[in-house]
Amino acid sequence: MKIILIGIQGAGKSTQGNMLAEKYGVPYLSSGHIFRQMIKEKTKMGRWLKETVNSGALVPDDVTLEIILSYLKKPEYAKGYILDGFPRTVTQAEAFNGAVDHVVFLDVSDREALWRISGRVSDRDDETLQAIRRRIEMFHNHTQPVIDYYKEIGKLVHVDGEKTIEEVFEQVKKVIKTAGDEQKGTPKKN
């Protein structure tokens with residue numbers, strides 16, 4: 001099972017990703033976590049990533065693809081994964097096209113996302129109000145086309161991310177099962 005979670009920062013991707021990983025027994029992988037781990041290593045690449053991420057900018061497609069695709073070659077991802085924060089552009093989605101079964105869009109409004117993020121305690125440099133607003137703007141500019149791309153090829157499932165954590169989880173499980181049944185040619189149960 002290969003699942004991508006897409007949503008604005010604060011949509012609950014990490015929460016849902018960890019719950020899904022436990023439910024389905026496949027690892028959860030966040031591109032943001034990968035980048036933060038690389039930043040901690042204080043290499044030349046880590047320093048460059050820190051500047052890029054802290055400014056609220058997207059890591060360029062070629063660098064992101066190289067990092068994520070190399071991670072997914074590790075043995076722990078051979079049977080599947082739940083991926084959060086990638087792909088963020090259509091170029092990334094096209095390069096990654098065959099490596100996904102379901103794309104779950106956790107839909108929350110900008111206002112809800114800002115409210116959620118402002119309510120959590122964080123020591124991350126990339127969660128300043130200015131960086132968050134820039135990320136929300138970039139989500140609409142760069143990631144909305146990714147949502148459209150996956151919708152067009154029939155892999156996108158839409159979930160109302162403004163419900164409770166448990167309600168969102170139930171919705172996600174249901175749409176994954178329904179989408180999986182449709183891909184296998186199994187008729188939907190009403």
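**Close-up views of a predicted model**

**View 1. Lys-42 sits in the loop between α2 and α3.** Welcome to a predicted model, in which local features need pLDDT of at least 70, side-chain atom pairs count only at pLDDT 80 or more, and totals for chains, interfaces and linings use all residues. Residues are numbered from 1 along each chain as its sequence is written, and side-chain values use heavy atoms, with hydrogens and water left out. Most residues other than glycine have a negative phi. Lys-42, although not a glycine, has a positive phi of about 55°. Lys-42 is also exposed, with a relative accessible area of 63% (buried is under 20%, exposed over 50%, partly exposed in between; 1.4 Å probe, protein chains only).

**View 2. Helix α2 (residues 31-40) meets helix α3 (residues 44-54).** Their axes come within 7 Å and cross at roughly 125° (lines fitted to C-alpha atoms over the stretch in contact, with angles from 0 to 180 degrees between N-to-C directions). That makes α2 oblique to α3 (under 35 degrees is roughly parallel, over 145 roughly antiparallel, 65 to 115 roughly perpendicular, the rest oblique). From α2, the contact (heavy atoms within 4.5 Å) is made by Phe-35, Met-38 and Ile-39. From α3 come Met-45, Gly-46, Leu-49, Lys-50 and Val-53. These residues divide into six nonpolar, one polar and one charged (Ala, Val, Leu, Ile, Met, Phe, Trp, Tyr, Cys and Pro count as nonpolar, Asp, Glu, Lys and Arg as charged, and the others, Gly among them, as polar).

**View 3. Helix α6 (residues 110-118) has buried residues Glu-112, Ala-113 and Ile-117.** Seen down the axis of α6, these buried residues fall within an arc of 125°, so they line one face of the helix (the arc is that of the directions from the helix axis to the C-beta atoms). What covers them includes α7 (129-152). On the other side of α6, look for Arg-111, Trp-115 and Ser-118, which are exposed.

**View 4. A cis peptide bond runs from Phe-86 to Pro-87.** Its omega is near 0°. Most peptide bonds are trans. You will find Pro-87 in the loop between β3 (81-84) and α5 (90-96).

**View 5. The protein chain, for orientation, has eight helices and five strands.** Helices (H or I, at least four residues) and strands (E, at least two) are DSSP runs, numbered from the N terminus. From the N terminus on, the elements run β-α-β-α-α-α-β-α-β-α-α-β-α. Buried residues make up 45% of the 190 residues in the protein chain. Among contacts between residues at least 6 apart in sequence, 74% join residues at least 24 apart.
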